[in-house]
Amino acid sequence: MSDIEEKIIDIGQEIFKGYGVDDTTAQILSILNFESREISMEELAHRTGYSLASISLKIKNLEHFWSIKRIHKPGSRKTYLYMEKNLLDAFATQVRNGFETELEIAKTKITPLIEEYRNHADSEEQKIKLQAYENYLSEINKFEELIHQIYDLIDKLKVNQA
């Protein structure tokens, strides 16, 4: 790997740390993000200096949120990894897989509990808690609206890119 490639990976690691991930995860994400082809988990372990087991565990936790695909090549027992390079699609996936999960759980599970709690909130403390629960649900509804606006904007940007 050239000096410039190493510097780009280091900068990518800084960028991914800004998402609140640990150093190991940031390094893995940076390598996958700037690798132009799929990379075997063994090669990723070699490049990072981490064990294959550590890489495998990290990938298991990352792949859903960061658009990392596992690829199995015919005739090979190795697992290869590829990270989506289209930033608009990657961002949409992060929003969809991260925030929509919270939205779905909140709307389907918390809403009925708030309705039930509303009927039993007699004390002042319970009424204050009810207000906090209702505020959370109101914010969830606003957040859902924002997410749909983000999707619309992403679609418009993708059309303009083409």
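Here's a quick tour of this chain, from its overall build down to single residues. Keep in mind that this is a predicted model. The chain comes to six helices and three strands, and along the sequence they follow the pattern α-α-β-α-α-β-β-α-α. With a radius of gyration of 21 Å, well over the 15 Å that the globule rule gives for 162 residues, the chain is more spread out than a compact globule.

**Overall build**

- Taken along the principal axes, the C-alpha atoms fill a box of roughly 65 × 40 × 35 Å.
- Buried residues make up 30% of the 162 residues.
- The accessible surface comes to about 10700 Å², and carbon and sulfur atoms account for 54% of that.
- If you take the contacts with a separation of 6 or more, 50% of them are between residues 24 or more positions apart.

**The strands**

- Strand E3 (residues 79–83) pairs with strand E2 (residues 68–72) through five bridges, and the two run antiparallel.
- For a landmark in that pairing, look at Ile71, whose bridge partner in E3 is Tyr80.
- E2 and E3 make a hairpin with six residues between them. Gly75 sits in the turn and has a positive phi of about 80°.
- E3 also pairs with strand E1 (residues 39–40), again antiparallel, this time by two bridges. Here Ile39 has Leu81 of E3 as its bridge partner.
- E3 is mostly covered, with four of its five residues buried.
- Ser67 isn't a glycine, yet its phi is positive at about 55°. Its relative accessible area is 10%, so Ser67 is buried.

**Salt bridges**

- A search of the whole structure turns up 15 salt bridges.
- As background, side chains of opposite charge can pair when their charged atoms come close.
- One of the pairs is Lys58 with Asp22, at 2.8 Å from N to O. Lys58 is in helix H4 and Asp22 is in the loop between H1 and H2, so this pair ties together parts that are 36 residues apart in sequence.
- Both ends of that pair are partly exposed: Lys58 has 23% relative accessibility, and Asp22 has 36%.
- Arg37 and Glu43 also meet in a salt bridge, at 3.2 Å from N to O. They belong to a salt-bridge network that links Glu35, Arg37, Glu43 and Arg47.
- Arg37 is partly exposed at 39% relative accessibility, and Glu43 is partly exposed at 27%.
- Glu125 and Lys129 form a salt bridge at 3.7 Å, N to O. They are four residues apart in helix H6, so about one helical turn separates them.
- Glu125 is exposed, with a relative accessible area of 55%, while Lys129 counts as partly exposed at 37%.

**Residues in the helices**

- Thr25 belongs to helix H2 (residues 23–34). At 5% relative accessibility, Thr25 counts as buried, the cut-off being under 20%.
- Leave aside neighbours within four places in sequence, and Thr25 is in contact with Lys58 and Leu62. That's the Lys58 that forms the salt bridge with Asp22.
- Glu144 is part of helix H6 (residues 124–161) and counts as partly exposed at 23% relative accessibility.
- Not counting residues up to four places away in sequence, Glu144 touches Leu103 and Lys107.
- His120 is another story: Glu144 and His120 are 24 residues apart in sequence, and their C-alpha atoms are 28 Å apart in space.

- Ile4, Ile8 and Phe34 make a nonpolar surface patch of about 290 Å².
- Ile8 is found in helix H1 (residues 3–17), and with a relative accessible area of 37% it is partly exposed.

How values were computed:
Residues are numbered from 1 along each chain as its sequence is written. This is a predicted model: local features need pLDDT of at least 70, side-chain atom pairs count only at pLDDT 80 or more; totals for chains, interfaces and linings use all residues. Side-chain values use heavy atoms; hydrogens and water are left out. Two strands pair if DSSP finds at least two bridges between them. Patches are made of residues with over 30% relative accessible area and no salt bridge: like charges are joined within 9 Å, nonpolar side chains (Val, Leu, Ile, Met, Phe, Trp, Tyr) within 5 Å. Accessible areas come from the Shrake-Rupley method with a 1.4 Å probe; for residues, only the protein chains shown count as cover. A salt bridge is a side-chain nitrogen of Lys or Arg within 4 Å of a carboxyl oxygen of Asp or Glu. Buried means under 20% relative accessible area, exposed over 50%, partly exposed in between (1.4 Å probe, protein chains only). The radius of gyration is taken over C-alpha atoms; the globule rule is 2.2 Å times the number of residues to the power 0.38. Contact means heavy atoms within 4.5 Å.
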